[in-house]
Structure formats: C-alpha cells, structure tokens
Amino acid sequence: MTDKDKIEEALRNAPNGVEPRADLADDAAALAQKLYADKPKKTKKKWKLATVFSCLAACVFVAVFVPVYYRLQPQKPVIRYYTDVDLTTEEVANADSIVFENSLNVKYFHDAQKTYISRITETSELAIIEQNYFYFDSENYDFVELGICLTNDVYERYNMFQDCSNQMTVNGIDVQYTIKEQPNDYTIKAVCQVESYRYYWQITALQGEERIEYYINYLFGNE
C-alpha cells in the first residue's frame, strides 16, 4: 500500500464520534496525489535530448558526407545515342587540318579520295571523320570506307556493325569482323578500338581476311 493509500484510509476510518468533513477525503487524496505523484525523471528528458542530437548528427552526416562520397567514386562515362538527323555532315579537302586543329591522335588515310566530318548539330562537337579510299594493283581492287568515332557515343549509322561476331588480332589490335562472300568479291565489315577511338571499316575487295590485316597494318604503321 502506498503512502497515498494509507492517508486516504486513515481519514476514512476516523475514530467513533469524529465526523470528518464530507470532502476531507477528497482533499486528502488530492494532497497525496500532489506529494507522491510520480515525477518525470531527468534521465528520461536527457535521453530524449540525446536522441534528438543523434538524429541531427545523422542528418548532417547524410547531407554533407554522402554527396562527397559519391563524388569521389569513379563516374561511369555518359554514353549518348545519335541518329543521322542529329548530325551535320560536310565534305572537307582533307583530314590534316581537322586533326591538327582538334589535337586528335588518330590514324587516317592521308591520300583519301574523299573526306567528310560530322558534328553534333546541337553542340557543334566534332564527332566523326569518314573517308573513302581506293586501292588497286595487279592482284587487288579495293574500295574502303573508314569511319573514325571521336567520342564515346553510339551512332545510328554504325548499328550495322553489331553483327561483327568473328574475331582476330593484328599486331596486338583486337578486331571484330564479318565477311560476306559474293561471286566476284568480298564484302567486309570490321571494327576495332585503338586508344580512345573506334575505327569502322567497310571494305569491298577481291580477298577476305587478308585485306583486314593489310589495312590495319597500313593505317597503324606496320605495313
């Protein structure tokens, strides 16, 4: 029995002949409630404050350090997709001035019959160099279309090279290719990556794999 209960019982069991006021028990109960009621513990308040500060600290950590963490992580390159409509193409006299003015470390035909450049219309960014090259001798008659992609993007015009499932290595350069044999010649499609540039080849020739090897060696200085 609590002290509060004892006070209330004592008042209600007063000695015979003593008539307490009718509301005395209620007053006593109110006094006991005031004196003995459970008071909030300071530790509970402190615990609540500690919880609040912990939450604030966590929020500050998330707001400040998490973005920093993600900025420090290696970022994947953004790969864009361009259709032919997104590009502006023009013929130029040769590729020499384009390569020099843009500090490009690409390999190309210096004696190509035709050279074209394509820019991303929206930004004027130089995207592709394309060349037409003819070669013939007593054994060969070749027509070569070379496309050099200067950005790490995907271009609609080169979707046809996705079926290049054959592989070969020419002096350390990995080449994916496909060959279609026809009655009088071969149609060759090939693609290779050298440094940060992708080279797309379309070759019509009197031979097959031999011409891939020839042009890889020729362009990259091994022929």
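Modeller: A search of the whole structure finds 17 aromatic pairs. The model is predicted: local features need pLDDT of at least 70, side-chain atom pairs count only at pLDDT 80 or more, and totals for chains, interfaces and linings use all residues. Residues are numbered from 1 along each chain as its sequence is written, and side-chain values use heavy atoms, without hydrogens and water.

Colleague: Why is the pair of Phe-109 and Trp-201 called edge-to-face?

Modeller: Rings of Phe, Tyr and Trp (its six-membered ring) pair if their centres lie within 6.5 Å; planes under 30 degrees apart are stacked, over 60 edge-to-face, the rest tilted. Phe-109 and Trp-201 have centres 6.4 Å apart and planes at 85 degrees, so the pair is edge-to-face.

Colleague: How do you know that Phe-109 is buried or exposed?

Modeller: Buried means under 20% relative accessible area, exposed over 50%, partly exposed in between (1.4 Å probe, protein chains only). Phe-109 has 2%, so Phe-109 is buried. Trp-201, also at 2%, counts as buried.

Colleague: What makes Phe-136 and Tyr-141 a tilted pair?

Modeller: The centres of Phe-136 and Tyr-141 are 6.3 Å apart, and the planes stand at 40 degrees.

Colleague: What makes the charged end of Arg-211 sit over the ring of Tyr-214?

Modeller: The rule asks for NZ of Lys or CZ of Arg within 6 Å of the ring centre and within 35 degrees of the ring normal. The charged end of Arg-211 is 4.4 Å from the centre of the Tyr-214 ring. The distance therefore meets the cut-off.
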